[in-house]
Amino acid sequence: MSSLEEGEQTPEIEAGETELEALLDDLIVDRDDHENAPAFVIRPDTVQETLGRLKEEAGYDHLSLVTAEEYPDRYESIYHLKKFDDPTDEVSIVVPTDAENPVSESAKPVFRTADWHEREAYDLIGIDYDDHPDLRRILLPETWQGHPMGRDYDQNRPQMVPLRDHANPLEDDHRADSDSDTMFVNIGPHHPATHGVLHLKTTLDGEQVVDVEPDIGYLHRNEEQMAQQSTYRYQIMPYPDRWDYISAGLLNEWAYARAAEDLADIEVPEYAQIIRTMGAELCRIAAHMLAVGTFALDIYGDFTAIFMYAIRDREKAQNILEDLTGQRLMFNYFRLGGVVWDLPEPREEFFEKVRTFVDEIPEALEEYHDLITGNEILQMRTVGTGVLPEDVAKNYGATGPVARGSGIDYDIRRDDPYGYYDELDWEVPVEDGCDNFSRLLVRMREVEESAKIIEQCVDLLEDWPEEERNIQANVPRTLRPDDDTEIYRTVEGAKGELGVYIRSDGTEKPGRFKIRSPCFSNLQTLPEMSNGEYIPDMIAALGSLDIVLGEVDR
Amino acid sequence: MILQSETPLPDTLSNLLGLDGFGVAGEFVAAFIAAFIVGNVMLAMTGVAGPWAKRKITAKFTDRIAANRIGPAGLGTIPADAVRLLAKELIVPEGADRPAWDVAPLIVAGSAMLGFAVIPMGSGIQLADPEVGLAYVFAVASIASLGMVMAGYASNNKYSMLGALRAVAQNLAYEIPLVITGISVVLFTGSLRLSEIVAAQQETLISLGGVAIPSWFAFVNPFAFVLFLTANVAEVGRNPFDIPEAPTEIVAGFQTEYSSVYFVLLYLGEFLHIFLGGAITAVLFLGGAAGPGPESIGFLWFVVKIWAFFLLTQWLRSAAPRLRIDQLIEIGWKGMLELSFLNLILTALIVGVVV
């Protein structure tokens, strides 16, 4: 399927490429095409101009990812651009910089989202982004020595950090002048509403938030490096489960599977695609149930009925996933070219279970609507608060329910189809309220759509002839994609556009493995939503973003 | 129908124990014993409510089971929790304003206990019946705000400080509608004496098919009842008005830094305030200790009524989202205050013209 579509699109892209070449004529130094997109090499001092032209004149309004890497002779930043209107229309801008003095122009003035992405590149690789206003470490502590994904980094050297250099962060409490009207509060890393180890450096003026700065990295494990040290075939697949660990495991696995399969030209059997689609949507329901439940928890304040109801219904999805994959949290169910095993026997019983679950969803959602969206106090709290206008959301690279709650009609499942989605009948829910309430509604409606998808998958699987139940394509025992091929592929995760960039170096392990985490980009929008609002609204906005720190920090 | 016992509990005790002859000393001893009994009954109820009933009720609302390991229906968890809480380390935050920090939990718990002194609980249980009973109850109950401010300010914690400020803002905004709605009841009774307020509710309002509906003020003036109930929930700081604590926003507000015994005191104080709120509601609007059956079981009816109020707060806890502080203040000053004055004026007109 995917190959068919690529075939259709090839002439279009080529037509676009000439236009792009004409547009960037004076800036292009070289070509370095990726599997998924044309890639233009430019000089490090023309980043802003190039990206600006592509954004303003060619309509590439979505900076999906910034990948950085150190080569023996140079540093390289890659800006992966897309269009919100058509995510299949991609272009990559490759910016090599000098190995001795890796200075590159910052893309932040053009794309706000580049802020954190470039900080991460600086933190892990060591590229210096010129005129970036706030180039500090983002994932690692400020006192960290060296850049762990750089070539000369010595992993065995202990990080000796004297106490005076790593003073108690709480000491910063008194950073404001004594006669200042504002108050500095550390919200987190241990706080009931931060959903994990997130630290919000918050400046308050009375009850109002003047400024909030998310401090992330408490859960950083450098999953990218772990993937780079593992083989494509089996060793990488367990890791994606640990990015967004809120039962969205299969969605994450699909992100890696899609990138690696397209890189190695593996065709997944249709039957396996349907199983994948069904499993992924079950994961989405489970993840959204938790998102709705914890969002209600943030608004309600105590362990309330709605939280337990959401957990109860999530549990049903979890049980089905357990039947399917054998695991409740870390599924490790996908394999390159298919899935690890077929549906559990007896199949009728499994289908029955799934059908019962899916049939109960509308009723359960009705109950939720009665309890939360129909509640006047909840509406008072969420309608018109945590506002994220459409253009701001795009500028920050917000995706998933956050973008769809801001009126951006963008869903990778439909716009850049994979799996079995384009064969099924479902809709992309979009709300244009741009507030906390819209994001809540989008999630609840998505659960309904996921239920529809699952039902159709079950119908298909039930009627699938027994002899054609092919769950796994033929994949060589050791995968060695061609040297120096690069690919960036995204899927629609529970939180948004989840992508994986792989550069192969001809070995059985990726040369560079880069994760595009939707939560990472979405979390950046928090100050936009909450500055000037009250503390409770900031908490609500944070809850409505539905971040998972495992995915933010990776 | 039950009428109030004429003699307060200390006098009854004094007669019973023959303390009459000892003058002031005898009165003191009798009063002390009576206060001891009432105080312990109330503390025992909070003891049941806090570690056990709260969990059980919430569990029912949320499809769970809750405490069931120790004793029948998990009731044994009460002493276990008490021992656990009392055995914990008392952590004093650095820079705490010491005397204030230590006194605050006592004030929060004590102010509620003081309120019970004048509540007629039926079956002859009432410590004192002063002429200004209602004013006294409102006065001592609002001392709790002072305790919260002390706790919040003395903790040297920003969350606590925010919680304390919220507590003051909230109590100011809701105390006034609460008292004014209370006054609308006084217009009917013409007395602030709580026993007289209860006595005024004993007549039959209307007889429906043989069932006599008593003239409880909840039936006479339901509008005032709803107003009072709302203001009361805000006054005791329960959902959807638990803004001074707001665990998901300011962690636990004024009580963030309290542990061990001090925490127990604050916790008890909160529950005592819920029960006091229930008691005031029962006295003003639900006929005090009145109920079917002989007068002697009046106290049981009274307990049922205050537990009903407790159940209401727990129901709200499971079902109602928390308001934002500015919305709360707005509802208080722009909504409740106006409505309570409207209610007062209408009641005054009706009482003046009709009665």
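Colleague: In this predicted model, through how many residues does a hairpin join S3(A) to S4(A)?
Modeller: The two strands pair in the antiparallel sense over eight bridges. Within that pairing, Glu70(A) stands opposite Tyr75(A) in S4(A). The hairpin that joins S3(A) to S4(A) runs through three residues.

Colleague: Is S3(A) mostly covered or mostly exposed, and how many of its residues are buried?
Modeller: A residue is counted as buried if 20 or more other C-beta atoms lie within 10 Å of its own. S3(A) is mostly covered, and the number of its nine residues that are buried is nine.

Colleague: In what order do the strands of the open sheet of five stand in chain A?
Modeller: The edge strands are S1 (28-31) and S3 (62-70) of chain A, each of which pairs on one side only. From one strand to the next the twist averages 25°. The pairing is mixed, and the order in chain A is S1-S2-S5-S4-S3.

Colleague: Which residue in S5(A) does His80(A) stand opposite?
Modeller: Strand S4 (residues 74-82) and strand S5 (residues 91-98) of chain A pair over eight bridges, in the antiparallel sense. In S5(A), the residue opposite His80(A) is Ser92(A).

Colleague: What angle does the direction of helix H2 of chain A make with that of S5(A)?
Modeller: Helix H2 (residues 47-56) of chain A packs on the sheet and touches strand S2 (39-42), S4 and S5 of chain A. Angles here run from 0 to 180 degrees between N-to-C directions. Between H2 of chain A and S5(A) the angle is about 175°.

Colleague: And what angle does helix H3 of chain A make with S3(A)?
Modeller: Helix H3 (residues 114-124) of chain A also packs on the sheet, where it touches S3 and S4 of chain A. The angle between its direction and that of S3(A) is about 10°.

Colleague: How many nonpolar residues has the side of chain A that touches chain B?
Modeller: In chain A, 27 residues are in contact with 25 residues of chain B. Among the elements giving two or more residues to that side of chain A are strand S8 (183-187), helix H6 (270-300) and helix H16 (535-545). By class, that side has six charged and four polar residues, and the nonpolar count is 17.

Colleague: What span should helix H2 of chain B have, and how far apart are its end C-alpha atoms?
Modeller: Helix H2 (residues 23-61) of chain B has 39 residues, so at 1.5 Å a residue it should span 57 Å. That agrees with the distance between its end C-alpha atoms, 54 Å.

Colleague: Where does H2(B) bend, and by what angle?
Modeller: A proline, Pro51(B), follows the bend within four residues. Ala49(B), Gly50(B), Pro51(B) and Trp52(B) are among the buried residues of H2(B). The bend is at Ala49(B), by about 50°.

Colleague: Which residue with a positive phi follows H2(B)?
Modeller: What covers the buried residues of H2(B) includes helix H1 (9-17), helix H4 (98-115) and helix H13 (298-319) of chain B. After H2(B) comes a residue with phi near 65°, and that residue is Asp63(B).

Methods:
Residues are numbered from 1 along each chain as its sequence is written. Chains are lettered from A and ligands numbered from 1 in the order in which they are written. This is a predicted model: local features need pLDDT of at least 70, side-chain atom pairs count only at pLDDT 80 or more; totals for chains, interfaces and linings use all residues. Two strands pair if DSSP finds at least two bridges between them. Two residues are in contact if their C-beta atoms, placed from the backbone, lie within 7 Å. Ala, Val, Leu, Ile, Met, Phe, Trp, Tyr, Cys and Pro count as nonpolar, Asp, Glu, Lys and Arg as charged, and the others, Gly among them, as polar. The expected span of a helix is 1.5 Å times one less than its number of residues. The bend at a residue is the angle between axes fitted to the seven residues ending there and the seven starting there. A residue is buried if 20 or more other C-beta atoms lie within 10 Å of its own, exposed if 12 or fewer, and partly exposed in between; C-beta atoms are placed from the backbone.
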